[in-house]
Amino acid sequence: MRRNCRKKAFSAYTAVGHGRPVGTWCFLVLGGAAFSFGAARWIRGLADSFHRKKALCRVTLRQGDKTLTTAGLIDTGNRLREPVSGRPVHVAWRGVMEELCPKIKGITYVPYRSVGGEGLLAAVTLDEIKVEQEGTCYTLIKPLVAVAKQPLSPAGEYEVLIQDSDTAS
């Protein structure tokens, strides 16, 4: 008769009424949450990558008889303007500008403000920039191009930032 008197004691290792270990339920819940978070980040990264690739373009800079073709990025966040004339200012890495025009006259200094601080960027007026993107091609005549001291893309994807507001011209 001892069998009948035996009561099943509550165990911390089993969920009441379900017969599955609590650890299994925790694993399923936390694993599902982690999977959802990881999948969301992967999708967001994929979308960002697609958007970045869509904004990449081929840029040909011309100054005098020298031309240089490199990768550029249509920068929707670039609102840099020369304060006197209001002209949009594009940005190129110093290495590109030194190769295209090692010695140039007529430097304009453009004030800038960013999250990292503020200062002045040296800028020059080039003869033209030709931008090719997704089957369309347009030319910017006498664009103002500021010189960035450091590479613009950490991964080396692009070396020139084309201001989005100037692409509609």
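Is Ile107 buried, exposed or partly exposed, and what is its relative accessibility? In this predicted model, Ile107 has 42% relative accessibility, so it counts as partly exposed.

Where does Ile107 sit? The residue is found in the loop between helix H3 (94–100) and strand S4 (108–114). Together with Tyr109 and Leu120, Ile107 makes a nonpolar surface patch of about 330 Å².

**Strand S8**

Strand S8 covers residues 144–148. Four of its five residues are buried, so the strand is largely enclosed by the rest of the structure. Buried means under 20% relative accessible area.

S8 pairs with strand S3 and with strand S5, as the table sets out.

| Partner of S8 | Sense | Bridges | Residues standing opposite |
|---|---|---|---|
| S3 (residues 89–93) | parallel | five | Ala92 and Val147 |
| S5 (residues 117–125) | antiparallel | three | Thr125 and Leu144 |

In a regular strand, side chains alternate between the two faces of the sheet.

**The largest pocket**

What is the volume of the largest pocket? Its volume is about 650 Å³. The lining of this pocket counts 25 residues. Closest to the centre are Val91, Leu121, Val147, Ala148 and Lys149. Val147 is also the residue of S8 that stands opposite Ala92.

Which elements each supply at least two residues of the lining? H3, S4, S5 and S8 do.

Technical notes: Residues are numbered from 1 along each chain as its sequence is written. This is a predicted model: local features need pLDDT of at least 70, side-chain atom pairs count only at pLDDT 80 or more; totals for chains, interfaces and linings use all residues. Side-chain values use heavy atoms; hydrogens and water are left out. Buried means under 20% relative accessible area, exposed over 50%, partly exposed in between (1.4 Å probe, protein chains only). Two strands pair if DSSP finds at least two bridges between them. Patches are made of residues with over 30% relative accessible area and no salt bridge: like charges are joined within 9 Å, nonpolar side chains (Val, Leu, Ile, Met, Phe, Trp, Tyr) within 5 Å. Accessible areas come from the Shrake-Rupley method with a 1.4 Å probe; for residues, only the protein chains shown count as cover. A salt bridge is a side-chain nitrogen of Lys or Arg within 4 Å of a carboxyl oxygen of Asp or Glu. On a 1 Å grid over the protein atoms alone, a cavity is a set of points where a 1.4 Å probe fits but cannot get out, and a pocket is an open set with protein on both sides within 12 Å along at least five of seven lines; lining residues have an atom within 4 Å of a point. Grid points are joined across faces, edges and corners, and a volume is the space filled by probe spheres set on the points.
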